[in-house]
Amino acid sequence: MSGAAFLTAVRDALPDLRLLTDPAETEGYRFDETPYLDPGRPLGVAFPTSTADVQAIVRLAAQHRVPLVPRGAGSGLSGGANAVEGGLTVVMTGMDRILEVDPENLCAVVQPGVINAALGRAAAEHGLFYAPDPASFEWCTIGGNLAENSGGLRCVKYGVTRDAVLGLEVVLADGAVIRTGGKNVKDVLGYDLSHVFIGSEGTLGIITEAILRLLPMPPPKLTLLAFFATVRQAGQAVADITRQGVIPVTLELMDGFTIRAVDSVLRLGLDSEAGAMLMVESDAGGDAAAAELDLVAAACHRASATSVTRAADAQEADWLREARRKAHWSLEQAGVARMDDVGVPRSHVPEMLAAIERVSAAHSMRIGVFGHAGDGNLHPTYVMDRDDPTAGARIDAARSDIYAAALALGGTVSGEHGTGVAKLGYLEAQRGPDAVRAMRAIKDALDPLGILNPGKVLA
Ligand SMILES: Cc1cc2nc3c(=O)[nH]c(=O)nc-3n(C[C@H](O)[C@H](O)[C@H](O)COP(=O)(O)OP(=O)(O)OC[C@H]3O[C@@H](n4cnc5c(N)ncnc54)[C@H](O)[C@@H]3O)c2cc1C
C-alpha cells in the first residue's frame, strides 16, 4: 500500500488533525539532538490532540504498514525521535494538559506533551513536588521522559522517572488502549506493564496519559561547591560520600575543561584553574541539611579539595545549578560537542574518570566530562573542530574505548539517554544474546508488524 493512500486515509478519518507533508515543514521534526545519526525522510508529521486521534492513526498505520515515530520535544540524545524513512512522525506536544493534581492521593494525571517544568510548577501550587528533573526540564516532555526513563539532577535521592510512575495509558500497535495502573500506591495484579513501556523509546506503544507520584515539597536546599586539582580527586570524594551513606539530593561533577567552557560564557567567577568541581545539595532542611553538608565537606577535604564553600544565598545556588545545566551548551561554543552517557557503580567513579582521561590522551581528543556523579552517571563530551572531516570516525573510536572501560567496571553504555540508534551496536555486548532475545520476544508480541519506531533499540 502506498504512503499517499495512508495520508489520504488519515485526512479522511481525522479532518481536523494538523498534518504536515511539505518537506520544508517536516524538516524541523526529522532530528532530535543527534542530527549526525542520519535520520530518514518522513511521509508526514501529525499532531494528535486526543487518545482517540492517536488510536485512529495507529489503526490506519497498521492497516497500511506505515511506520510511526512517536515524538515529544525532540531533546533526546540517542536518536529515538529521529524520523524513519517513509514513516509518520507523531508529535505529542498538542496533548499537553495537566488533567489533575490530586493532593489527597499525592499524584498528578497528565497528558504526555506536558513539559516537565510545567508539571513541577503546577505541583508547587499545591505545595507538592515532582522529582524527576532532566537538565532539559524546561523543554522536554513527560512522554519523552517516560519513554527514555530519564534521570536528572535529583536522582541520587529521588530516583529516575520510573520511580515516579503509578500508571500509564498506552495505545498499543493494534490501536487498543490499555491502562497499566492507577492511583493505587500498591497494585500488583498481573504483570507490571508500566515498567514494560517505561524506557521502551516508543517501540512498544504510544503513551497517551500518565499518573505520576508527587511528594510533599522538600525544604529549601543548601548548596556546597568544592574544587579539586584533579578530576580523580573529585571522583574519590564522590565515592567517599556514597560510602558514608550520605544521600544528598544532588551530586554533580564538572571537569576543568567544562568549568572553563561554562565560565567563559556565563562569567560566574568559577575557579578556572581547577581540575574539577562538585556541586552538592541537601534538601534535608535546617540543621539536618547543614549536618549532611558537613559530612560532604569532610569527604571533599579528605580528597584534597582546594576549596570548599557554601552558596551564599538561593540566587547563587540557582546560578550554580544553571551553570551545570548549561554544561553541554557551553562546550558547544568550543566546537562540535557530542554528549555521551555512561554509568558505573558509584564506587568506580574515580576509575571511570581516569579511564576517560586515558582515552582523551590516547586519541588526542578534547573530552569534557560532567554529569550526575552521585549516580555514577557521567557525560564524556567529545569536542571536535568544526571543520574536522574525520570527527565522526575519531569519536566512534574513542567512544568504543570509553564503553569498554565502563563495561569492564561493571557499568553501562547508557545511564539515561537510552539506546535509540546511537547505542544499537552495543546492546548485545552489554546485555548478552539471551537478554536481547527476550527483548525481541516482547517487541514481536506487542508490535508484530514492526510499525512502532522501527530500527530503534533493536536493530
Ligand atoms: C541539554 C540537554 C540536557 C539533557 N539532560 C538530560 C538529563 O539530565 N537526564 C536525562 O535523562 N536526559 C537528558 N537529556 C535528554 C532528553 O532531554 C531526555 O531523553 C528527554 O526525556 C527527552 O524528552 P523529549 O520530550 O524531548 O523526547 P523526544 O526526544 O522527542 O523522544 C525521546 C524518545 O521518546 C519517545 N517518545 C516521546 N514521546 C512518546 C510517547 N508519548 N509515547 C511513546 N514514546 C514517546 C520517542 O519516540 C523517542 O524514542 C538532555 C538533553 C539535552 C539536549
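A disulfide here is a pair of cysteine sulfur atoms within 2.5 Å. In general, a disulfide is a covalent bond between the sulfur atoms of two cysteines. By this rule, the count in our structure comes to zero disulfides.

Before going on, some ground rules. This is a predicted model, where local features need pLDDT of at least 70 and side-chain atom pairs count only at pLDDT 80 or more, while totals for chains, interfaces and linings use all residues. Residues are numbered from 1 along each chain as its sequence is written, and side-chain values use heavy atoms, with hydrogens and water left out.

Back to the cysteines. Buried means under 20% relative accessible area, exposed means over 50%, and partly exposed is in between, with a 1.4 Å probe and protein chains only. Cys 107 counts as buried too, at 0%.

Now the ligand. How many residues surround the ligand? The number is 36, and the closest are Pro 70, Ser 75, Ser 136, Thr 141 and Ser 150. The shell divides into 13 nonpolar, 18 polar and five charged residues.

Which element gives the largest share of the shell? Helix α5 does, with five residues. β3 (68-71), α5 and β10 each supply at least two. Helices (H or I, at least four residues) and strands (E, at least two) are DSSP runs, numbered from the N terminus.

Look at the polar contacts next. A polar contact is a pair of N or O atoms within 3.5 Å; within protein, one must be able to donate a hydrogen and the other to accept it, and residues adjacent in sequence count only if both atoms are side-chain atoms. The side chain of Thr 141 has an N or O atom 2.7 Å from an oxygen atom of the ligand. Ala 73 uses a backbone N or O atom, 2.9 Å from a ligand oxygen. Gly 80 has a polar backbone atom 3.4 Å from an oxygen of the ligand. Taken alone, the ligand exposes 980 Å², and the protein buries 96% of that. Those areas come from the Shrake-Rupley method with a 1.4 Å probe; for residues, only the protein chains shown count as cover.

Next, helix α4, residues 116-124. Its buried residues are Asn 116, Ala 117, Leu 119, Ala 122 and Ala 123. They pack against β5 (98-102), β6 (107-110), β7 (128-129), α5 (142-148) and β10 (206-213).

Strand β7 holds Leu 128. Leu 128 is buried, at 6% relative accessibility. Contact means heavy atoms within 4.5 Å. Beyond four places in sequence, the contacts of Leu 128 include Val 101, Ala 123 and Leu 215. Leu 215 is 87 residues away along the chain, yet the two C-alpha atoms are separated by 5.6 Å.

Leu 446 and Leu 204 are 242 residues apart in sequence, and 6.1 Å apart in space, C-alpha to C-alpha. Leu 446 touches Ala 173, Val 196, Phe 197 and Leu 204, leaving out residues up to four places away. Is Leu 446 buried or partly exposed? Partly exposed, at 26% relative accessibility.

Asn 149 is not a glycine, yet its phi is positive, about 50 degrees. Asn 149 lies in the loop between α5 and α6 (155-158), and is buried at 15%. Ser 304, also other than glycine, has a positive phi near 70 degrees. Ser 304 is in the loop between α10 (286-302) and β15 (307-310), and is partly exposed at 42%.

Ser 304 leads us to Gln 233. Gln 233 touches Phe 228, Ala 303 and Ser 304, not counting residues up to four places away in sequence. Gln 233 is in helix α8, residues 231-243, and is buried at 19%. A polar atom of its side chain lies 3.2 Å from the backbone nitrogen of Ala 229.

Note on methods. Near = heavy atom within 4 Å. Nonpolar A, V, L, I, M, F, W, Y, C, P; charged D, E, K, R; others polar.
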